[in-house]
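Please take a moment to look over the structure shown below before reading on.

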Amino acid sequence: MSNMKKYLNPRVAAIPPSGIRKFFDLVVQTQGVISLGVGEPDFVTPWHIREACFYSLEKGYTMYTSNLGMPELRQEIAAYMLRTYGLEYDPETEILVTVGVSEAVDLAIRSLVSVGDEVLIPEPSYVSYLPVSDLAYAKSVSLTTTADNEFRLTREELAARVTSQSKLLVLPYPNNPTGGIMRREDLADLVDVIIDNDLIVVSDEIYSELTYAGEHVSIASLPGMRDRTVVLNGFSKAFAMTGWRIGYACGHADIIATMNKIHQYTMLCAPIMGQVAAMEALRHGKPAMRKMVEDYNYRRRVMLQGLADIGLACFEPRGAFYVFPSIQVTGMNSEEFAEKLLQEEKVAVVPGNAFGPSGEGFIRCCYAASLDNIEEALQRMGRFVERHRSQKPSSSTAAACRN
Amino acid sequence: MELERKILKLYEKDATLNHQQMAIMLGVDEKTVTDTIARLEKEGVILGYNAIINWEKWGDDGVTAMIDVKVVPEREVGFDSIAERVSRYPEVRCVYLMSGTYDLSVVVQGETMKDVARFVAEKLATLEHVQSTTSHFVLKRYKQDNFLFNDKEEDRRLVVSP
């Protein structure tokens, strides 16, 4: 079996390895690194949530659950969606509990597209939408967003890219990696393009609670959009529960039933321990969650001020826990910047091009880190940028600095 | 009010934050922070600042005891006068008025168990209005003012993740 490659599924083999993975291998070889490269909270899951899980294990909750997820959890999710976003879903037929939002993304895309359909994906974005669309035999189409426009998706860009083959629009806001958000008016601007072109929206709102300007608005709450939208959310970011792997999808009963068909054959159900913990999070987790969000907001401001002092232009992100500054003043590309910064100053950031070609020229820094680490990392980055500042900063950077 | 609450919460967690850092974190100017803190100090809302020290780790084996004190309240002033009197002893770290089977909870610190016992027997128990005392000696500390006494939990996250 010398040439194993010929046995592999060519579709999977053709998917390039994740840019993040490559950088990860580099970082783990370096000692004493301060990492701003993580994509998860620095908090541990609040104690009362962990404790609820211990208790359920003691009580013997170690079995399968319904494919859709525990009925009590689905009821809690329905109540949460209603009180937080004004969205009404029937817990019996319109909510599916998944293994993280990652599974929900896969299920939603696979349930909705087939060969030749186009999936419209704003860029830069989280890394999975594109390969998942690819695995579903769909064609992914990137929608460019820019720092000048705070990485929001515009009606013009959507209208310019949509074709008769377009079937799905992925709407990942608050956005990883940029921290951009879509306000009500930004979303409202898209609605008639979506409806006129008969698109379905997969709205990945995993960072919804981490919104620092006003309240998060789900596009599903806009007139005419509820049945056209599958809302994806979960517990990882808001409740610091990444390792529990619990997410959920809410949408029209027919879509949820189709997603559940794949889910029941591939996953059966989400782990019961995680579901019990998620229930506790929704019932009693809000005060702890609010505190964590307040803390992120403090550090967001420290990070932004630090970047401004260093001279790295950055629009003010109002969601998630990332900043996405431009590194143009150094004249380096994002991979070069990240690698050199790691070698010379031992700070890990993620090169922007890992999130699509339009992330080139930017880096993603996560501020879910201790204040001490953020300040130390900023000092090191300051030295680094000072050393590598190119002679002639380009005019677009100067313009971005003024914003 | 909201700003004051936020400043107090931040300070309660970490009194080493300087005004400039706090101003950036809260998105206000430094003078606002300085003025607010000065006022809260003056009003006695912020009583002072101290460090939380693991003396045992440093090598000191002082003794702490919690003393339950039953008191006969005084006419007109109730428990205040006796509580304030108890508070004045330098050996006393904290004094609380409690609901339940006893009245005052007094935290006393001394160099040896004998020191504390002598203080209770000679000073505290002999005070007029004090009916009885029950002493509980602290054997080991696990957590104080939000700080765990064992080693800090490490960051176990992957260094880079999507």
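This is a predicted model: local features need pLDDT of at least 70, side-chain atom pairs count only at pLDDT 80 or more; totals for chains, interfaces and linings use all residues.

**A walk through the model**

How do the two domains of chain A meet? The C-alpha centres of domain 1 of chain A and domain 2 of chain A lie 26 Å apart, and the contact takes 33 residues from domain 1 of chain A and 32 residues from domain 2 of chain A. On the side of domain 1 of chain A that touches domain 2 of chain A, helix 11 (286-310) and strand 9 (322-323) of chain A each supply at least two residues, and helix 11 of chain A provides the largest share of that side, 6 residues. By class, the residues of the side of domain 1 of chain A that touches domain 2 of chain A are 19 nonpolar, 10 polar and 4 charged.

Turning to the two chains, the contact between them takes 21 residues from chain A and 10 residues from chain B. The side of chain B that touches chain A is made up of 6 nonpolar, 2 polar and 2 charged residues.

Within chain B, helix 1 (residues 2-13) and helix 3 (residues 30-42) pack at an angle of about 80°, and their axes are 11 Å apart, which means that helix 1 of chain B is roughly perpendicular to helix 3 of chain B. In this packing B:Leu3, B:Glu4 and B:Ile7 of helix 1 of chain B meet B:Val33, B:Thr36, B:Ile37 and B:Leu40 of helix 3 of chain B, a contact that holds 5 nonpolar, 1 polar and 1 charged residues.

Some details of the backbone remain. Most residues other than glycine have a negative phi, and most peptide bonds are trans. Against that background, a cis peptide bond with omega of about 0° joins A:Glu123 and A:Pro124, and A:Pro124 is found in the loop between strand 3 (118-123) and helix 6 (129-135) of chain A. The peptide bond from A:Tyr173 to A:Pro174 is also cis, with omega near -5°, and A:Pro174 has its place in the loop between strand 5 (166-171) and helix 8 (184-196) of chain A.

A:Arg245, a residue other than glycine, has a positive phi, near 60°; A:Arg245 lies in the loop between strand 7 (229-234) and strand 8 (247-250) of chain A, and is partly exposed, with 19 other C-beta atoms within 10 Å. Phi of A:Lys346 is likewise positive, near 55°, and A:Lys346 sits in the loop between helix 12 (334-345) and strand 10 (347-348) of chain A, where A:Lys346 counts as partly exposed with 17 C-beta neighbours inside 10 Å.

Technical notes:
Residues are numbered from 1 along each chain as its sequence is written. Chains are lettered from A and ligands numbered from 1 in the order in which they are written. Two residues are in contact if their C-beta atoms, placed from the backbone, lie within 7 Å. Ala, Val, Leu, Ile, Met, Phe, Trp, Tyr, Cys and Pro count as nonpolar, Asp, Glu, Lys and Arg as charged, and the others, Gly among them, as polar. Axes are lines fitted to C-alpha atoms, for helices over the stretch in contact, and angles run from 0 to 180 degrees between N-to-C directions. Helices (H or I, at least four residues) and strands (E, at least two) are DSSP runs, numbered from the N terminus. Angles under 35 degrees count as roughly parallel, over 145 as roughly antiparallel, 65 to 115 as roughly perpendicular and the rest as oblique. Domain bounds come from an automatic or database domain assignment. A residue is buried if 20 or more other C-beta atoms lie within 10 Å of its own, exposed if 12 or fewer, and partly exposed in between; C-beta atoms are placed from the backbone.
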